[in-house]
Amino acid sequence: MARKLKSDKLLFLATLLLVLSGWVMVYSASAVLAMDEHGQPYYFLFRQVVWVVLGGCLLLAATRVDYRRLERPVVIWTLLAVVTAALIAVLFGPPINGTRRWFAVGGIGVQPSEGAKLAVIVFTAAFLARRTDRINELSSALLPVATVAGVVSGLILLQPDFGTALALLLITGVMIFAAGLSYRYLIGIALTAAPVLYMVLASAEYRRRRLLAFLDPWGDPLGDGFQLIQAQIAVGTGGVVGQGLMAGIQKLFYLPYPHTDFIYAVIAEETGLIGATAIALCFCVITWRGFRIAAQAADRFGALLAVGLTTMIALQAFINISVVLGLLPTKGIPLPFVSSGGSSLLASMAGMGVLLNVSQHASMRT
C-alpha cells in the first residue's frame, strides 16, 4: 500500500548542486558581457538569483501539493488551454533574433514552450494511466496522445524551435513506451517519423546549414561553424583541472551565448574534466533517482508522470552537453538548472518539485 514518505534526498541534493553551480558559472560566463552591454557585471547574476528564488517557491509548493490533483480533468485541460493560447499568441509578437519564442510579461521575457512541455507530460501521464489496458489500440490511446503532442509541437515548430519540438515528441514517445506500447508500434512510428523529420530539416535553409556545420565546422569557421569550433576550443583548453574560475578566454566575445546554451563549454574550460564530469554526474543521479521513483510510484499516473519529468530533464541535459561536445548539431536547448534563463529554470524546478512529491508517496509493501 502507499504511504507518505520523505522526499528523495539524493534527487534534491543533485538539483541543489546544479542550481548553485549555475549561480557561479552564470556570473563567471556573463560578467564581462554584462559589463559591456548593461554597464554592471552582476546583471545576469541578479536575474538568475531572482529566477532561482521564484523557482524555489514553485518547487516547494509542488512538493507540498499532492501530485494526484494534477490528474483532475479541469487541471489538465486548463493547462493545455493556457499553453496553447500562449503558443499562438507568441507567434504574433515581434521577432527576437529571427524567432518568435518569447513575449514580455511585465518587462520579463516568457517562453511558453517550456510550460507546454509540462502540460503535455501531465496530459499524457493522466490519459495513458486510464488506458493502460488499451495502450496498443490506435484510436483509444495512441491517436489522442499523438494529436495533442503533435499540435503543441507543431506550434513550437512555427516559432521556429525545432529542438524543443523534437524534445517534446521524444519525451512523449518515452512515456508511451513506458506505458507498455508494443515494439512493433515503436518500429512503425520510427519508420514513419524518419521521412517527416528529413522534410522538416530540409525545409529551412538555416537547419541545413547547421547540419553541414555539424558535419564539417571547419568548412565555414567564421560562419555557421564558428560557435561549435569555439565551444570545442573551450572544452579542449580546459584540460583536467581547468583554467580556473573567471579565467576562461572563450567567453570573452569568442563563444556566443556563453551564459545560456553554451555554458557547459565555459564549465569545461574553467573547471576542466573534473568540473564537467561532476555536472554530468549530477544529471546521472537525477536520471537514476527519477526512474527509481517511477518504479516505486504509488499509482500508474505517478509512475508515468515521473518518467516524463525525468526524461524532460535528462534529455535536455543530454542534448545540451552533446551539442557543446560536437556530438549533435547546434540546438537552442539550455542546460537545466544551470543555464541563464527564467522560463527553463522555472519549468525545471516546478517539474522537480512534482517529482519529489511523487517520491513522497512511494508504494511499499507492509
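Buried means under 20% relative accessible area, exposed means over 50%, and partly exposed is what falls in between, using a 1.4 Å probe and protein chains only. Keep that handy for the tour. What you have open is a predicted model, where local features need pLDDT of at least 70, side-chain atom pairs count only at pLDDT 80 or more, and totals for chains, interfaces and linings use all residues. Residues are numbered from 1 along each chain as its sequence is written, and side-chain values use heavy atoms, with hydrogens and water left out.

**Stop 1: the cysteines**

Select C284. With 49% relative accessibility, C284 counts as partly exposed. A disulfide is a covalent bond between the sulfur atoms of two cysteines. The cut-off here is a pair of cysteine sulfur atoms within 2.5 Å, and the structure holds zero disulfides. Hop over to C57, which is partly exposed as well, at 48% relative accessibility.

**Stop 2: helix α1 and its greasy patch**

Next, select residues 9-38, which make up helix α1. (Helices are DSSP runs of H or I, at least four residues, and strands are runs of E, at least two, numbered from the N terminus.) Colour L10, F12, L13, L16, L17, L20 and W288: together they make a nonpolar surface patch of about 630 Å². Patch members have over 30% relative accessible area and no salt bridge, with nonpolar side chains (Val, Leu, Ile, Met, Phe, Trp, Tyr) joined within 5 Å and like charges within 9 Å. Helix α1 supplies six residues, the largest share of the patch. Click on L20, which lies in this helix and counts as partly exposed at 39% relative accessibility.

**Stop 3: P41**

Move along to P41, in the loop between α1 and α2 (43-64). P41 is partly exposed, at 22% relative accessibility. Draw a C-alpha to C-alpha distance from P41 to A31: 4.3 Å in space, though the two are 10 residues apart in sequence. Beyond its neighbours within four places in sequence, P41 is in contact (heavy atoms within 4.5 Å) with Y27, A31, A34 and M35.

**Stop 4: Q230**

Is Q230 buried or exposed? Find it in helix α9, residues 226-238. Q230 is buried, at 9% relative accessibility. Apart from residues up to four places away in sequence, Q230 touches Q250, Y254 and L255. Zoom in on Q250, whose side chain is joined to that of Q230 by a polar contact of 2.5 Å. A polar contact is a pair of N or O atoms within 3.5 Å; within protein, one must be able to donate a hydrogen and the other to accept it, and residues adjacent in sequence count only if both atoms are side-chain atoms.

Terms used
Areas by Shrake-Rupley, 256 points an atom, 1.4 Å probe, with all protein chains shown as cover. Salt bridge = Lys/Arg side-chain N within 4 Å of Asp/Glu carboxyl O.
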